Amino acid sequence: MSSSGGATGFKDTGVEASRLSNLSDVLSFRNAGVFYALVTILLIFTVWVQLIGKNFYLGAANVENILEQAASPVGMMAVGMTVLLISGNFDLSVASNGAFSAMFIAVSVEHDLFGFIGNVEVEVIVILIIAILLACVGGLINGLVHWFVGLNSFIVTLGTLSAFRGMALLISGRQSITFRNTEHGEFMERFIGGDIGEFNLFLLVGGVLIVVAALTFLTGRQMAAGVCAASGLALIVLSFLVDYSTEISHKLVVLVTLVVATWAVMTYTSYGRRVYAVGGNLEAAKAAGINVGLYRVMCFVFLGFCCGLAAVTMISKLQSVEPNLWLTQELFVIASAIIGGVSLLGGAGSVLKTMAGAILLTVLTNGFSFLAFPSEVQLIAVGLLVILSASAYVVAGRRAIAKGKI
Amino acid sequence: MNTSSTVDKVNDTEGSAEPILQIRDVSKNFGAVQALKSVSFDVTPGSITGLIGDNGAGKSTMVKIISGVHKPSSGSLMLEGKPTNFSNPGEARASNIETVFQTLELVEEFDVAENFYMGRDITFLGPLKVNRTSLMRSRAAEAVGQLGINIPGGVTRKVRTMSGGQRQAVAIARAAFWNSKVLLLDEPTAALGVRETEQVLQLVEKLRDNGAAILLISHNMRDVQRLCDQVVVLRQGRRTGFLEGEFTGEDCVSYITGARSDIAEEEL
């Protein structure tokens, strides 16, 4: 690596000036709109539910419920979808891919395909790993066809949406499979389907924020690290004052790990920045010597990996699969990313905001269920939310341009 | 350095500096179409060479050959006296030939520093490749400051929010930042306003004064007249003119249109 600039300390005032203005940018609607929307909707439901005299909406039990619902499959798949959208591509086949992976697990257990190993625990682990690898291969197929044939990813995955679902039906013989109360099922439940125990949510979120702050500090963004660490510490202190405890499942731990790791890689590593570059301007990325084909294909594979994780965590808990598992869920996965402000054109977006989008969608259905609204009303509300949020981003973007702010 | 007693002297630049890049009898065919026919010229450190001509004269083809996008059908490129043969743009860049295309090739969602280091981040923690963001920012800020480029908001300003002139300046500064010995600028002032054009021209002059060898492709005869120490005119794929010292925009135009030519019309 060579550069004409020598290693010196800060001397450009522009860097300092823009750091100060960063705070107002960070808090702007354009940047943080999805968090404001989430808080607003939570407040509305809390007041509403209180008014009709039901339990406290934000009670620990219901918050756990919301997080569990948001985590899988939509939350996990949305992590990979965000990365793929940032790289400038699109995937409609996620739910089918995950369903095939889940069906593979069920069929393997039901027909004891790995019985030759002779040890239930090893068998289960092997099956789960192969299931995740199969989902990765699904993503790889999408990526290779897109990159080497040069076919638009929308069309490729429209095809595999159908094909993967067909394969799931094929291997299951169009039957639902349940393996509850089998040896394999019991180990699976203990291994990944259960809870890790009761935790204070404030303590947990505070801990995650401290980790994020440490990562941020390492890369030299002291101000962002400070804000993160301060809010993390505040939550940890709060956790000793307020008992806000709930059961935390393995699934949630997997999701939080996936989200934080993906966010850190996308934000702070060369790999992540290259994904943004590839999606932001393909020709520029090529000219900068980035292996754009590799990056584009790997983003498909990573999304496949997320689908595999969703399948593994879901089936370990439910221990049964129907062939129509997750039918149309891909739409909610994509909706989460859009509500979170990910650009369908590529080059912009954040996993954290997508997660807020996924939680927002879940809160909407959960809240309407709390209020005993019929499901058709929920669907209409979800549809309107997608259009509204996307419109809000467009309008906010235009305003910012008109003001000369961006 | 082993320069060329055998090669005929093409640009007689008063022997002030050794040419760093020598183009020798380069031809390029695309099927039956002859885009370039036996074109030769030199690019010298600390001076600006203009490459002008009408649309379809072969300028873009020449840029693409020097930047490694195309291979010449015949003829050779000599970099610092040694024959070179680029099979892709990466190799040209590795040999310190940087090209600023008209498309600029900036990522709009990235800030200035990120665009500078795109694909070449400084990282730590080995294979984890964690970016040293503040180090890259301060280096980019230093380079931008040295070139006298004034971008309000500094190197953390996103390109999306910048004017055309600022973008052009960022793209040129990035090319210069990577220690380029030869800088190809493809129409740097096209589509810029008067003030922005002036800023970009001053930047190019500054880079020349810093010792870069610059090849400027331009349609703007005022820019060419002001900046270029020598001018190569292409017409129908041939080098039909060469101007240096005192020349006017009209001289350039008469060569471009074919009113004047160093090659007889019937030979074209």
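Helix α5(B) covers residues 164-177 of chain B, and its 14 residues should span 20 Å at 1.5 Å a residue; the end C-alpha atoms are 20 Å apart, which agrees. The expected span is 1.5 Å times one less than the number of residues. This is a predicted model, in which local features need pLDDT of at least 70, side-chain atom pairs count only at pLDDT 80 or more, and totals for chains, interfaces and linings use all residues. Residues are numbered from 1 along each chain as its sequence is written, while chains are lettered from A and ligands numbered from 1 in the order in which they are written.

**Helix α5 of chain B**

- Helices (H or I, at least four residues) and strands (E, at least two) are DSSP runs, numbered from the N terminus.
- Of the 14 residues of α5(B), 13 are buried, so the helix is largely enclosed by the rest of the structure.
- A residue is buried if 20 or more other C-beta atoms lie within 10 Å of its own, exposed if 12 or fewer, and partly exposed in between; C-beta atoms are placed from the backbone.
- After α5(B) comes Asn179(B), with a positive phi near 60 degrees.

**Helices α8 and α9 of chain A**

- Helix α8(A) (residues 201-218) packs against helix α9(A) (residues 222-241) at an angle of about 160 degrees, with the axes 8 Å apart.
- Axes are lines fitted to C-alpha atoms, for helices over the stretch in contact, and angles run from 0 to 180 degrees between N-to-C directions.
- α8(A) and α9(A) are therefore roughly antiparallel to each other.
- Angles under 35 degrees count as roughly parallel, over 145 as roughly antiparallel, 65 to 115 as roughly perpendicular and the rest as oblique.
- The crossing of α8(A) and α9(A) is left-handed.
- A crossing is left-handed if the near helix is turned anticlockwise from the far one by less than a right angle, and right-handed if clockwise.
- Residues making the contact include Phe202(A), Leu209(A) and Phe217(A) of α8(A), and Gln222(A), Cys228(A) and Leu235(A) of α9(A).
- Two residues are in contact if their C-beta atoms, placed from the backbone, lie within 7 Å.
- By class, this contact has 16 nonpolar, 6 polar and no charged residues.
- Ala, Val, Leu, Ile, Met, Phe, Trp, Tyr, Cys and Pro count as nonpolar, Asp, Glu, Lys and Arg as charged, and the others, Gly among them, as polar.

**Helix α13 of chain A and its partners**

- The axes of α7(A) (residues 183-193) and α13(A) (residues 292-318) come within 8 Å and cross at roughly 130 degrees.
- α7(A) and α13(A) are therefore oblique to each other, and their crossing is left-handed.
- Among the contact residues are Met188(A) and Phe191(A) of α7(A), with Val312(A) and Lys317(A) of α13(A).
- The contact of α7(A) with α13(A) divides into 4 nonpolar, 3 polar and 2 charged residues.
- The axes of α11(A) (residues 270-280) and α13(A) come within 10 Å and cross at roughly 105 degrees.
- That makes α11(A) roughly perpendicular to α13(A).
- Arg274(A), Val275(A) and Val278(A) of α11(A) meet Val292(A), Tyr295(A), Arg296(A) and Cys299(A) of α13(A).
- This contact has 5 nonpolar, no polar and 2 charged residues.

**Backbone features**

- Ser72(A) and Pro73(A) are joined by a cis peptide bond, with omega about 0 degrees; Pro73(A) lies in helix α3(A), residues 60-86.
- Arg174(A) is not a glycine, yet has a positive phi of about 60 degrees.
- Arg174(A) sits in the loop between α6 (153-172) and β1 (177-178) of chain A, and counts as exposed, with 10 C-beta neighbours inside 10 Å.
- Lys129(B), also a residue other than glycine, has a positive phi near 50 degrees.
- Lys129(B) is in the loop between β7 and β8 (130-131) of chain B, and is partly exposed, with 18 other C-beta atoms within 10 Å.

**Two buried loop residues of chain B**

- Asp121(B) is in the loop between α3 (112-117) and β7 (123-124), and is buried, with 20 other C-beta atoms within 10 Å.
- Leaving aside neighbours within four places in sequence, Asp121(B) is in contact with Ser270(A), Arg273(A), Asn131(B) and Met136(B).
- Thr189(B) lies in the loop between β9 (182-186) and α6 (194-209), and counts as buried, with 25 C-beta neighbours inside 10 Å.
- Thr189(B) and Asn220(B) are 31 residues apart in sequence and 8.1 Å apart in space, C-alpha to C-alpha.
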